[in-house]
Amino acid sequence: MSSPYAVYSSPQIPQKTFEVDPQNPRYQTTNGKTTGPSDYVLNAGQIDRDKPSDPKMDPSNSEVPTYLSKLRMELTGVQDDINEFLTKQMEVAKNKRVKVDTPKQKAKELNEFGEEEIEEDEAY
Amino acid sequence: MVDLNTISPKNGRNYYIALGLEGSANKLGIGIVKHPIKSQLSSGDNSHQCDAQILSNIRDTYITPPGEGFLPRDTARHHRNWCVRLIKKALKEAGFNDPSNDIDVICFTKGPGMGAPLHSVAIIARTCSLLWDIPLVGVNHCIGHIEMGREITKAENPVVLYVSGGNTQVIAYSENRYRIFGETLDVAIGNCLDRFARTLKIPNHPSPGYNIEQLALKCQNKDKLIELPYTVKGMDLSMSGILAYIDSLAKDLFRGNKQNKLLFDKKTGKQKVTIEDLCYSLQENLFAMLIEITERAMAHVNSSTVLIVGGVGCNVRLQEMMAVMCHDRANGKVFATDDRFCIDNGAMIAQAGLLQFRMGDIVKDLKETIVTQKFRTDEVFVSWREK
Amino acid sequence: MSNLHHTLEVKIPFKDNRLATTAQKVMATDPIIRPESFQVEYMVSEDDNGTLLAKFSAEDDRSLRVGVSSSLSSILTIIETMDELDSV
């Protein structure tokens, strides 16, 4: 096995695996979908000039990326898969909580959720 | 006695090579610095005369749209995605293709600064250190500014005014510490200028402070200063009140609030003050406060020279005002550097880090490379200077 | 630790023990900011040659997402550094 691989588990979902599909363009880029600039600067008109560098090509065969570049691209895809899955799970959890609340609270929570920002800084 | 020659350079060479990585705020800097072995450095207080050669000093700045500041997350992303490319470019410029043999030490900024950007560069410093088997040195960002300034200007023992987006300090050396004589009690001067630039929605390129300086130059009413709060408190100063006040003036100006008699003529309603006037008065007021506390520090330590470091230190008007004050004192002299060295850069981290390395101060456990947002200038034991 | 029931294990095959160990050392250096809601452990697995194994556990999916994504971004940077700058 030479591709990254991940397994998720929670009280709601006993097991969910994340695998690389080498043919899918999602695993053939260094530029992740979920790791771009924040909406805050994009909304202010920022043009993204800080994308990750391109993969490095094998010195002996310029058609093929190096092993580490391939690993980097595949892990970028897996990171997107995980981020998208967990974001969806967060929505599910939030909606569940809203159901038992009053309609007024529900409207408020949904509104807040629409503006929710994933804060990654505090985690580094 | 300080001996900077006890650690031998790699492979029997007669010079040291340091790679410096800086990323504590929105600038990412990679520098490579060379020190020849010099017999004068075996004793005495000569650490400002290393004959440092800057083999490369590359910077890339994360710039946000007008009116917007930089978030830690986006700034860290900028550093993460550019750092390796910049290191490759710096190595090439210096003519190195075998870093594990060419480089003696990797120096990185340990703090102070923004956590996420600092961390993203520290990760790369650690990785390079392990790959190349080269020791690491964690550098205090402020000490980097001071040592680069001393090396470039040859100022031996100046009072240091350190003015940047994150720091405002008046510093003097005493008994192996750069001691803080006075500092801001709230926002840094560069932050104050940056935030006013955002209120004005002027570009952040090349830097918000530079654009304010240019607007101030266009002021037509230099004899009519707009009165702003002057908030020196002993050796310290406060700027948040000034910022709030000048922000409110700018907003009234944009809104055309004729009730504001400072800005509009009581009878005719004609505009009396321009954005350029505001920029000019803001600079004059803030800089006057800096000069006052710097002069007081000079009197305290009986020094006649000032070294200005940090990004705001490139401001020509600040340098001029400081020169006027120094001129009035006996043998007074101002030392400053240009934007290559006063704005955050990698060479300054290499310079300070190489001094540490030559005194045997290297990272022994990776835990020492954990970055820290708060890291005061006077926490560092300055082993490379005489008591 | 008992309430960290949202877990994720990521396997990253470096195919090289030296590189996997390097990544492990770099990543394991930093302290966890909120250990009561998020934990991570990095190891080089002994059966799979040169594979970095990252084991994350969190109190909810939100903490997991924040911690995992930032950690993977760092690992991606480490891979790029090795790819472009390893001189061995």
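Which pattern does chain A follow when read along the sequence? Chain A follows the pattern β-β-α-β-β-α-α. The views below come from a predicted model, in which local features need pLDDT of at least 70, side-chain atom pairs count only at pLDDT 80 or more, and totals for chains, interfaces and linings use all residues. Residues are numbered from 1 along each chain as its sequence is written, while chains are lettered from A and ligands numbered from 1 in the order in which they are written.

**View 1. The elements of chain A.** Chain A holds 3 helices and 4 strands, where helices (H or I, at least four residues) and strands (E, at least two) are DSSP runs numbered from the N terminus. Of its 124 residues, 27% count as buried; a residue is buried if 20 or more other C-beta atoms, placed from the backbone, lie within 10 Å of its own, exposed if 12 or fewer, and partly exposed in between.

**View 2. Thr35(A) and its surroundings.** Thr35(A) sits in the loop that runs between strand E2 (16–19) and helix H1 (39–43) of chain A. Thr35(A) counts as buried because it has 22 C-beta neighbours inside 10 Å. Although Thr35(A) and Asp80(A) are 45 residues apart in sequence, their C-alpha atoms are 7.9 Å apart in space. Leaving aside neighbours within four places in sequence, Thr35(A) is in contact with Gln79(A) and Ser73(C), contact being defined as C-beta atoms, placed from the backbone, that lie within 7 Å.

**View 3. Chain C against chain A.** In this view, 31 residues of chain C are in contact with 35 residues of chain A. On the side of chain C that touches chain A, the elements giving two or more residues are strand E1 (6–13) and helix H2 (61–85) of chain C, and H2(C) gives the most, with 18 residues.

**View 4. Strands paired across two chains.** Strand E1 (residues 5–9) of chain A pairs with E1(C) in the antiparallel sense over 5 bridges, pairing being counted if DSSP finds at least two bridges between two strands. Within E1(C), Thr7(C) is the bridge partner of Ser9(A).

Terms used: Contact = placed C-beta atoms within 7 Å.
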